[in-house]
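Me: I want to learn how to read charged pairs and a chain interface in a model. Can we go through one together?

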Amino acid sequence: MKRVAAVGIGQLPFRSRYADKSYPVLAHEATEKALQDARLTLNDIDAVVYSIYCPLMMRQDSPDIFVQDYLGLQGKPSLRVAAGAATGGCALYTTMMQIASGVARTVLLVAVQKGSDFFSAATRSRGDGFNKAMSISGDSIWSQPVVVGGTPPTLTLWYVVPHLHKYGNPTPEQVAKVSVKNHKNALVNPLAQLKVDLTVEDVMYSRIIAWPTTMYECCLMSDGASAMVFASEERAREITDTPIWMSGAGISYYPPSHSAAGLGRMVGVHEAAQRAYQMAGVKNPRQEIDVAEVHDLISGLEVITYEELGLCDIGEGGRLVDEGVTEKTGDVPVNPSGGRVACGHVAGVSEISSACDVVAQLREKAGNIQVPIRKGKGVVETISGGANQCTVTVFERRS
Amino acid sequence: METGRSELERVIPALNASPRAKNLMEAWPRIVQFDLEGEAGPFHIIVDKGQMKLGAGVHKAPNIVVAGDTAEFANVILGKKDITHPLLFGQLRLTQGKNMEMITFARILAAITRKWGA
């Protein structure tokens, strides 16, 4: 396999809504930033991968075709990847395979998603309109009559509460601490959507969404766009002196709803991590990983993710929170961007934005959110709404 | 001690002046009766045409009736706790109406009480 490097990144700030910009415009702006960062033009691109989760939420079927047209990429090969909130992770994997296989030398990865143009006339809430639109993202045959797919109540039911029963953590206080950490991280992130300084009490006594998960422990709903440029080793060395290698990628599909034994674990994350670590040669993630951006669709999941990524033993995630290991000043900072609860979240874009964040961290050009880089490895973890489809990608700075 | 009624009296002018709260109240014309322990007597609010008014005594046709501890209700208005907490743990209970209605009521309050409105 050929080595694959990230050579350009471009991110737009997450916002509750880009009312004044259509999705092709957002895609164009992110692409422009990524190309400028790589000092390339569209002529240098061999192929395009689109990370676009949901046409319905954009009110546009096959949106990738129209983005391709708007970007002026007529004649270039392209494909769109969609896998819930793991869309970006799967798009990273697809991009890696295009270059690693030799099919393309330089690939543009474009992520864009709008979701907040919806509105419920009954409640005057855009959130309710959004939820109605995304409700058919879940299993519309079996699950939807009972529970709506990857929503915070479902994630709490499948993961957080069973984990609390099996291992005694994360406690409501520990989960709230994770939310407070991420909100504090977002305060200094210019790309973050929500900047509010919260206390543990603020978080714990905000609206109960599904006990013990409260409102401030749930991811935001955003509009956004991000783009990246990847290149083969030969091409990367022509483009930049600081290539960040995508050295490992793993995907696993493991639906927790099909097995009571899986409740409280995110087995798919564990399996994806093992595959990515094996590819990247990571033996001891706690010692080797400098930074991780993970999908805290609810804060309780972040704690379980620590365990599945191998940052601690299974059942020890709560202890990691109490010891401050994943704080920005800790041994393994997790979500220095503010994560999905504070930086912003829309499937398809969050994952690529996280990858941009990790690349910037490894370049040591992450500005206010920079954390110390010691070993030169970072991880991006993504899950689809119900943590069915899980991806882990390892990035690495080395010569 | 703050009571639910005294806190409501305090915040109603701010709610009626808040464009966000007004927008939510326009979509939520309701009469909410409060029968809370620790109060001098029952009281109610009438939400109509984007404005909230406080009234003494028992209303003859409320949409929602709230019973329970007035101190807990005061905490909700003060923004210390979302209303879902006392409803879930039984410190407040509805003898008429649905919990979702009170979540909408909490959304209206959030327009002026929370750091970040819901």
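This is a predicted model: local features need pLDDT of at least 70, side-chain atom pairs count only at pLDDT 80 or more; totals for chains, interfaces and linings use all residues.

Reply: Start with one residue. Residues are numbered from 1 along each chain as its sequence is written, chains are lettered from A and ligands numbered from 1 in the order in which they are written, and side-chain values use heavy atoms, with hydrogens and water left out.

Me: Which residue meets A:Lys184 in a salt bridge?

Reply: A salt bridge is a side-chain nitrogen of Lys or Arg within 4 Å of a carboxyl oxygen of Asp or Glu. Here the partner of A:Lys184 is A:Asp197, at 2.5 Å from N to O. The two link distant parts of the chain, 13 residues apart: A:Lys184 sits in helix H7 of chain A, and A:Asp197 in the loop between H7 and helix H8 (200–204). Helices are DSSP runs (H or I, at least four residues), numbered from the N terminus. A:Asp197 is partly exposed too, with a relative accessible area of 43%.

Me: Are A:Lys181 and A:Glu302 buried or exposed?

Reply: Both are buried. Their side chains form a salt bridge at 2.8 Å, N to O. This pair links helix H7 (residues 172–187) to helix H12 (residues 299–308) of chain A, 121 residues apart.

Me: What separates B:Arg5 and B:Glu9 along helix H1 of chain B?

Reply: About one helical turn, because they are four residues apart in H1 (residues 4–17). B:Arg5 is partly exposed at 25% relative accessibility, and B:Glu9 is partly exposed at 45%.

Me: How many salt bridges does the structure hold over all chains?

Reply: The total is 24. Between chain B and chain A the count is one. A:Arg207 and B:Asp82 meet in a salt bridge at 3.8 Å, N to O.

Me: Which helices of chain B supply at least two residues each to the side that touches chain A?

Reply: Helix H2 (19–26), helix H4 (84–89) and helix H5 (99–113). H4(B) gives the largest share, four residues. By contact (heavy atoms within 4.5 Å), 17 residues come from chain B and 19 residues from chain A.

Notes
Buried means under 20% relative accessible area, exposed over 50%, partly exposed in between (1.4 Å probe, protein chains only).
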